[in-house]
Amino acid sequence: MRYYSTNNKTLTVSLEQAVIQGLAPDGGLLLPEHIPALPAAFVRNMGSMSLHEISYAVANYALQGDIDAAVLKNAVADTLSFDLPLVHLGGNKYVLELFHGPTMSFKDIGTRFLARLLDHYNGRHRRNISVIVATSGNSGGAIAHSFSDIPEGQVYILYPRGELDDVQRAQFAALPCANVTAIEVNGSLADCRNLADQAFRDPDIGSRMIVNSARTVNVARLLPQMFHYFWAAAQLMQREQDPGQMVVAMPCGNLGNLTAGIMAKRMGLPVKRFVAVNNANDAFVRYLLTGDYVPHPMRRTATPAIDIAEPSNFTRIKALYGGSHFELCRDVEPYRCTDADVAEAMRRLWTEHSYEADPHTAAACAAVRACLLPGEVGVALATAHPAKFRAQVEAATGHSIKLPKRLAADLDAPRHVAVINSGYTSLKKFLLQRAY
Ligand SMILES: *Cc1c(COP(=O)(O)O)cnc(C)c1O
């Protein structure tokens, strides 16, 4: 399978190049040249298959033999070392919990798969792959943990001093692994992103190591996000519900999760439609409503993981529909929520269903509640564990949340942090000292 650039359909790369480089050589996003359809019999029988069986079959079809079957099977099993349960809220409403991985956000799924593919290619070439990430929260922890048992990959997590909460910081700074380095930058998130970008462009760095951004746009992060849609459909089949009536709502930031859902539908996922949820950072929702794409500056909200002004997968989604706003709107319905809507949804989920939802999950649940038509089955994607946003959930519900052992252990462990200033020379010196 070749992957083409959204800037130029005739520019294609292999899966290996796509995974290692992340972006197309011309800076475009990468998409598979075709999306293979799964056999109808497979889709009909999913209700009697396990999460690993379904996910491996989806991956194998999607990649068309580009990765050896045994390697791929292991990568899928290692990625999904935790369950993705479909929780019944009541009536025709469900929540698909994607947050039972090591860092308790759904980002674990994409980053664990990416880490395993990078490790596979790394092993073949014996080159050093260094992952450099600027994080404002969940992605740093997910990426650090994903590489914690892959010692050949060096991971550098850049984060702005004073901007992350303690749980988020602990998830990468308290890891006792020599290959993960937390770097506190005396500057802003924008400074961290700048530093990472400069390192990617610096030929002195490029000649010593292969640098990877592990960004959400990497096809290796996108692909495994298809698994959970099929698993939601399979779990509905187990409960004798018709997955063809399934409406899936998700909190949308960079639109990776939605992109994967759309690709899953092309592969044969039975689903009626998707509901894309934005907060005040609503460039995508406004595009769905009006056909005009007009990003505004980022605003801070109560759902910080989706405070994204310009979603990086937007051009990918447009390319998947050949630029047709009409066709996109047949598959995706827009929903916008305010901070007050989110707090109200957290309160209602607790009082009516005894369900603790983090703000992002609550936003998806609010969308299901508002958009579901009679006869449809609603599935809200739960993207973070409520304990990751404990203060907000407690304030909305008046009920105290227990910190899971995993998060408590991270909080108690000693931190290992290097501190640099926001000038590029300090990062460069740091990286080159480490290159071997
Ligand atoms: C990253 C993230 C999202 C947004 O997912 P995208 O694929 O970027 O749209 C939603 N919720 C949580 C908790 C996240 O960490």
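Some ground rules. The model is predicted, so local features need pLDDT of at least 70 and side-chain atom pairs count only at pLDDT 80 or more, while totals for chains, interfaces and linings use all residues. Residues are numbered from 1 along each chain as its sequence is written, and side-chain values use heavy atoms, with hydrogens and water left out.

Let's start at the ligand. How many residues surround the ligand? The shell holds 15 residues, and the closest are Lys107, Gly253, Asn254, Asn257 and Thr383. A residue counts as near when one of its heavy atoms lies within 4 Å of the molecule or strand in question. By type, the shell splits into 7 nonpolar, 7 polar and 1 charged.

Now look at the backbone around the ligand. Gly253 has a backbone N or O atom 2.8 Å from a ligand oxygen. For Asn254, a polar backbone atom is 2.8 Å from an oxygen of the ligand. For Asn257, the corresponding distance is 2.9 Å. On its own the ligand has 390 Å² of accessible area, and the protein covers 97% of that. Those areas come from the Shrake-Rupley method with a 1.4 Å probe; for residues, only the protein chains shown count as cover.

Stay in that stretch of chain for Leu255. Leu255 is in the loop between β10 (246-251) and α12 (256-267). Helices here are DSSP runs of H or I with at least four residues, strands are runs of E with at least two, and both are numbered from the N terminus. Its phi is near 70 degrees, a positive value in a residue other than glycine. Leu255 is buried, at 2% relative accessibility. Buried means under 20% relative accessible area, exposed means over 50%, and partly exposed is in between, with a 1.4 Å probe and protein chains only.

Ala214 also has a positive phi, near 50 degrees, and is not a glycine. Find Ala214 in the loop between β9 (210-212) and α10 (219-222). Ala214 is buried, with a relative accessible area of 1%.

Next, salt bridges. The cut-off is a side-chain nitrogen of Lys or Arg within 4 Å of a carboxyl oxygen of Asp or Glu. The idea is simple: side chains of opposite charge can pair when their charged atoms come close. The count here is 18 salt bridges.

Take Glu376 and Arg273. Their closest N and O atoms are 2.5 Å apart. Which parts of the chain does this pair tie together? Glu376 sits in the loop between α17 and β13 (377-382), and Arg273 sits in strand β11 (residues 273-278), so the bridge links parts 103 residues apart in sequence. Glu376 is buried at 1% relative accessibility. Arg273 is buried too, at 11%.

Helix α16 gives us another pair. Glu344 bridges to Arg347, with 3.0 Å between the closest N and O atoms. They lie 3 residues apart in α16, about one turn of the helix. Glu344 is partly exposed at 32% relative accessible area, and Arg347 is partly exposed at 35%.

Elsewhere, salt bridges with shared partners join Lys272, Arg273, Glu333 and Glu376 into one network.

Then there is Asp358. Is Asp358 buried or exposed? Asp358 is buried, yet has no salt bridge. The nearest side chain of opposite charge is Lys388, 9.1 Å away. Charge here means Lys and Arg positive, Asp and Glu negative, with His and the chain ends not counted. Asp358 lies in the loop between α16 (339-353) and α17 (359-371). What does its side chain contact? A polar contact of 2.6 Å joins Asp358 to the side chain of His360. Another, of 2.5 Å, joins Asp358 to the side chain of Thr361. A polar contact is a pair of N or O atoms within 3.5 Å; within protein, one must be able to donate a hydrogen and the other to accept it, and residues adjacent in sequence count only if both atoms are side-chain atoms.

Last stop, Phe172. Phe172 is in helix α7 (residues 166-173). Phe172 is buried, with 1% relative accessible area. Its C-alpha is 9.4 Å from that of Val417, which sits 245 residues away along the chain.

Terms used
Ala, Val, Leu, Ile, Met, Phe, Trp, Tyr, Cys and Pro count as nonpolar, Asp, Glu, Lys and Arg as charged, and the others, Gly among them, as polar.
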